Amino acid sequence: MTRSSNAGDGQAPDGAPVPDIDVVCLGESMVTFLPCLPGRLADVPSFDRAIGGAESNVACTLARTGHPTRWISRVGTDGFGDHLLAAIADCGVDVRHVRRDPLRPTGVYFRTAGDRATGTHEVAYYRAGSAASAMTAADLDPAALYGGRILHLSGITAALSADCLALLTELTTRRPGRPLLSFDVNYRPGLWRDTARARVLLDLARGADLVFVGDDEARDAWGLHGPRAIRQALPEPHTLVVKQGKTGATVFRRTREPGGRRDDATGADEVTGTDDATGTATFVPALDVDLVAATGAGDAFAAGFLSATLRGLPDRARLRHGHLWAAAALTVPGDLATPPSRPYADRLAALDGPAWARLHLAPGWTDADTSGHRADEEVPTQ
């Protein structure tokens, strides 16, 4: 059974059959241990078990809103591997193509409750020599890997081992017939250590069709400052999304349409324009959110943007869905959050500029679509 595509951006032409799987995500997932109390890892007496991994986070978040997704990876034959497969499958993700490795363990990590951006945040990874670090192209079923409308990867995989870097290099090599290739740079200094080596992420991004990168990542890994400089260094991807933290996000998309326009319906802070170097450039401000934990917000943003891309929505709506899904992750303690229902997200994404600017989202807001709140109210308060 197939469905008609309306996603554009390298997808099948309108009316052409496309696969039943919307997004295939490849990468490592680990068992995550979240502290029961704030404080240093040395002082926390116990932890709650969860799951975490950039690519599986994207797959789970998309699946929770009805997108058919597949996660491809390797895990050990240990109990942690059993838990990962069960938990990700429970989200509705196809995990049938995950390999089990009898010789290598499933990765795990521990983190403190504080925000990753603060100096008190601690993360302890136990992933060296993990099953996922042994992934190679020879292990993968091409039909499963390329069997979706989008293939989503991240730079984390490239840092795991030489084999994983070779795999990412092969997958980001442009060739006819591949699905739209989405790449989240996901620069993690602790994984690369040598900043010079991290420039390989720039080469990988150049082979993708859709790229997500934070302006802070581009500054730290590549010495680039600002969305325009990032676009100049990455002209190859059809779509480039630059996340600008609490400020907002900008999407650049190549176009042949001449001239530029300002969309007055979006409000003063949302601008769409064109120029010869970058195509369209659309900026949408971030939302006012009561932060609980930032972990997983970037993955949720990518999932929201991909969902809107699959639905063929315009750039402003794609960014707004990214912000909304990120806000769901920002208001929960773990890596994974249930995003707002599609009708509720669509209603919020359709607000005019002033109403969007007035939104204030607090923990539990994704349940507010059944509580009688107007879309432009603070939802909900604590």
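Predicted model: local features only at pLDDT ≥ 70, side-chain atom pairs only at ≥ 80, totals over all residues.
The protein chain contains 13 helices and 19 strands. Of its 382 residues, 56% count as buried. Among contacts with a separation of 6 or more, 68% join residues 24 or more positions apart. The chain exposes about 15,700 Å². Carbon and sulfur atoms supply 52% of that area.

Seven aromatic pairs were counted. One of them is formed by F47 and F110, in an edge-to-face arrangement. Their ring centres lie 5.3 Å apart, with 80° between the planes. F47 belongs to strand β5 (residues 47–52) and F110 to strand β9 (residues 108–111), so this pair ties together parts that are 63 residues apart in sequence. F47 is partly exposed, at a relative accessible area of 26%. F110 is also partly exposed, at 23%. F110 pairs with Y126 as well; the centres are 6.0 Å apart and the planes stand at 90°, so this pair too is edge-to-face. Y126 lies in strand β10 (residues 123–126), 16 residues from F110 in strand β9. Y126 counts as exposed, because its relative accessibility is 53% and the cut-off is over 50%. F33, F47, F80, F110 and Y126 form one aromatic cluster.

The search of the whole structure found two cavities of 30 Å³ or more.

How values were computed. Residues numbered from 1 in each chain as written. Heavy atoms only, no water. 1 Å grid on protein atoms, 1.4 Å probe; cavity = no way out; pocket = protein on both sides within 12 Å on 5 of 7 lines; lining within 4 Å. Points joined across faces, edges and corners; volume = space filled by probe spheres on them. Helix = DSSP H or I, 4+ residues; strand = E, 2+ residues; numbered from the N terminus. Buried < 20%, exposed > 50% of the residue type's maximum accessible area, 1.4 Å probe, protein only. Contact = heavy atoms within 4.5 Å. Areas by Shrake-Rupley, 256 points an atom, 1.4 Å probe, with all protein chains shown as cover. Phe/Tyr/Trp six-rings, centres within 6.5 Å; stacked < 30°, edge-to-face > 60°.
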